[in-house]
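Let's take a look at charged side chains and how they pair up. Here is the structure to keep open while you read.

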Amino acid sequence: YGAKAAGESAAAMMQMGVAAADVADMQMETNLMAVKAGVDMAKVQSDIAENAGKVSAYFAGNPKALAKAAVEAAKMGMSLSDMADISDKLLDFESSISAQFELQALTGRQMNFDKARQLALEGDIAGASAAVLEQVGSIHDFNKMDVLERKKLAEATGMSVEQLQKSLTLQAKRNELTDEEFAAAQGLNLSAEELK
């Protein structure tokens, strides 16, 4: 990633309280986490630069938790912004629970987003997002749904149908690709259909 992305990421980390002298170490630590996870480090740093402000309420000045969440977002085919949207939707308890029950009525499937809501309330947006995807199931389960069911699922999870499709497709492909191939696939900004 270039100097511009590095500078924006550094600025985002400094706004969270990282001392200027420690920013380079924090970026290297984040890059190492990304490489170990097999995700594109440039995507992770860009995500931090673009979305740190939006998600700052969930991290209470903890840049290490922000970096870890950005890596997890990349692993799930999401961004920090997507995770924040999911958590925000889950924490709108009345509409979230209503959408969950409507989804259950439409699909006949029991879905329980209580664990995801609890994680979102604790500020663990990566955990909340993972819990939501766990309830959704696989891309094959998603593809068996009809149009109304997919839309209701998207509403219940705080994601768009396209975001759900892309994330589930990346999760399915994760096992088939090497870390380098997976990182490259994430950096392509392709739709779920194009990834398939």
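## A cut-off to start with

Before we get to individual residues, one definition: buried means under 20% relative accessible area, exposed means over 50%, and partly exposed is whatever falls in between. Glu8, at 36% relative accessibility, therefore lands in the partly exposed class. Keep in mind that this is a predicted model.

The protein's mean pLDDT is 85, with 88% of its residues at 70 or more. Where pLDDT is low, the predicted coordinates should not be read in detail.

## A pair within helix 1

Side chains of opposite charge can pair when their charged atoms come close. With a limit of 4 Å between a Lys or Arg side-chain nitrogen and an Asp or Glu carboxyl oxygen, the count is seven salt bridges.

One of these joins Lys4 and Glu8, with an N to O distance of 3.6 Å. Both residues belong to helix 1 (residues 3-15), and they sit four residues apart, so about one helical turn separates them. What about solvent? Lys4 is exposed, with 66% relative accessibility, whereas Glu8 is partly exposed at 36%.

Which residue does Glu102 pair with? Its salt-bridge partner is Lys152, and the N to O distance here is 2.4 Å. Glu102 comes from helix 6 (residues 93-107) and Lys152 from helix 10 (residues 147-157), so this contact ties together parts of the protein that are 50 residues apart in sequence. Glu102 is partly exposed, at 35% relative accessible area, but Lys152 is buried, at 14%.

Lys152 also bridges to Glu155, where the closest N and O atoms are 3.0 Å apart. This one stays inside helix 10: the two residues are three apart, so there is about one helical turn between them. Glu155 is partly exposed, with a relative accessible area of 39%. Through shared partners, the salt bridges link Glu102, Lys152 and Glu155 into one network.

## Where that leaves us

Two patterns are worth a look in the viewer. Lys4 and Glu8 pair within helix 1, while Glu102 and Lys152 reach across from helix 6 to helix 10.

Methods. Residues are numbered from 1 along each chain as its sequence is written. This is a predicted model: local features need pLDDT of at least 70, side-chain atom pairs count only at pLDDT 80 or more; totals for chains, interfaces and linings use all residues. Side-chain values use heavy atoms; hydrogens and water are left out. Buried means under 20% relative accessible area, exposed over 50%, partly exposed in between (1.4 Å probe, protein chains only). pLDDT is the predictor's confidence in each residue, from 0 to 100.
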